[in-house]
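Look at the sequence and the model below.

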Amino acid sequence: DTAPAMIALDAQMVIRSSGGERIVAAQDYFVGPGTDIMRLTTLQPGELLTAIRIPGTWAGAEFYTEKVADRKVWDFPLVNIAAALKVSGTTIERARIVVNAVAAQPMRLEAVEQFVAGKPRNEETANAAGELAVRGAVPLAHNAYKIPLMRNLVKQADKLYGARPMSRLMQTTVKKKLVDAILFGPLTTSGSAVVDVEGDELTA
């Protein structure tokens with residue numbers, strides 16, 4: 001669930017082993033079967049993730065995270081998203097938007113980020129961003145529902161309803177919603193998570 005947020009915030013993953021330390025960008029930390037079908041991350045045997053560093057790149061940005069999951073069925077998401085936006089007035093200056101559970105690894109929507117930069121934050125921009133996010137998407141046999149879910153989550157992320165600037169203590173509301181509510185009806189909210197940032201290191 002936290003993978004999209006780490007990528008959206010340009011997190012640095014600190015990895016240690018008996019041979020020393022290396023730092024990997026969160027965007028490169030998670031790997032898919034095209035890289036290695038036996039692993040989900042870049043961790044090698046004998047390595048341990050010891051810290052996550054959050055730089056000040058997105059300080060003062062508005063941050064949004066959302067998770068859609070079947071109620072009382074699974075912990076993992078049907079689709080989830082994290083977005084960071086720098087906004088001046090009503091204009092989106094730049095954005096970072098990352099989705100998960102729509103591919104074998106978290107996916108940054110760079111085309112959408114480029115599209116919304118310089119655009120007004122309004123319904124028209126949000127709708128166009130949602131459509132662009134799913135352009136060319138090809139579902140598997142039983143997961144076509146992910147396409148409208150992803151489209152609507154991207155639309156909501158670009159609106160950033162109720163978002164607040166991030167501070168040293170980032171508190172984000174993790175919204176767990178039913179699929180039918182996302183697709184057809186009013187949305188309800190439950191659950192929250194608090195993350196402390198001490199210096200440059202993220203601690204749980």
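**Briefing on the predicted model**

Ala83 lies in strand 5 (residues 79-88); helices (H or I, at least four residues) and strands (E, at least two) are DSSP runs, numbered from the N terminus. The model is predicted: local features need pLDDT of at least 70 and side-chain atom pairs count only at pLDDT 80 or more, while totals for chains, interfaces and linings use all residues. Residues are numbered from 1 along each chain as its sequence is written, and side-chain values use heavy atoms, with hydrogens and water left out.

**Ala83 and its surroundings**

- Ala83 is buried, with a relative accessible area of 0%; buried means under 20% relative accessible area, exposed over 50%, and partly exposed in between (1.4 Å probe, protein chains only).
- Apart from neighbours within four places in sequence, Ala83 is in contact with Glu62, Phe63, Tyr64, Arg96, Ile97 and Ala157, where contact means heavy atoms within 4.5 Å.
- Ala83 and Ala5 are 78 residues apart in sequence, yet their C-alpha atoms are 7.3 Å apart in space.

**Salt bridges**

- Side chains of opposite charge can pair when their charged atoms come close.
- A salt bridge is a side-chain nitrogen of Lys or Arg within 4 Å of a carboxyl oxygen of Asp or Glu, and by this rule the count is 9 salt bridges.
- Glu21 and Arg16 form a salt bridge at 2.8 Å, N to O; Glu21 is partly exposed at 42% relative accessible area, and Arg16 is partly exposed at 41%.
- Asp36 pairs with Arg39 in a salt bridge, with the closest N and O atoms 2.8 Å apart; Asp36 is partly exposed at 22%, and Arg39 is partly exposed at 22%.
- Arg151 forms a salt bridge with Glu131, with the closest N and O atoms 3.7 Å apart.
- Arg151 lies in helix 5 (residues 146-159) and Glu131 in helix 4 (residues 123-134), so this pair ties together parts that are 20 residues apart in sequence.
- Arg151 is partly exposed at 22% relative accessible area, and Glu131 is partly exposed at 44%.

**Helix 4 and helix 5**

- The axes of helix 4 and helix 5 come within 8 Å and cross at roughly 145 degrees; axes are lines fitted to C-alpha atoms, for helices over the stretch in contact, and angles run from 0 to 180 degrees between N-to-C directions.
- The contact includes Glu123, Ala126 and Glu131 of helix 4, and Ile147, Met150 and Arg151 of helix 5.
- Helix 5 has 14 residues and reaches 20 Å from its first C-alpha to its last, close to the 20 Å expected at 1.5 Å a residue, the expected span being 1.5 Å times one less than the number of residues.
- Helix 5 is mostly covered, with 11 of its 14 residues buried; among them are Pro148, Leu149, Met150 and Leu153.

**Positive phi angles**

- Most residues other than glycine have a negative phi, and most peptide bonds are trans.
- Asp10 is not a glycine but has a positive phi of about 60 degrees.
- Asp10 is in the loop between helix 1 (3-8) and strand 1 (12-17), and is partly exposed at 22% relative accessibility.
- Ala101, also not a glycine, has a positive phi near 70 degrees.
- Ala101 lies in the loop between strand 6 (91-100) and strand 7 (107-108), and counts as buried at 18% relative accessibility.
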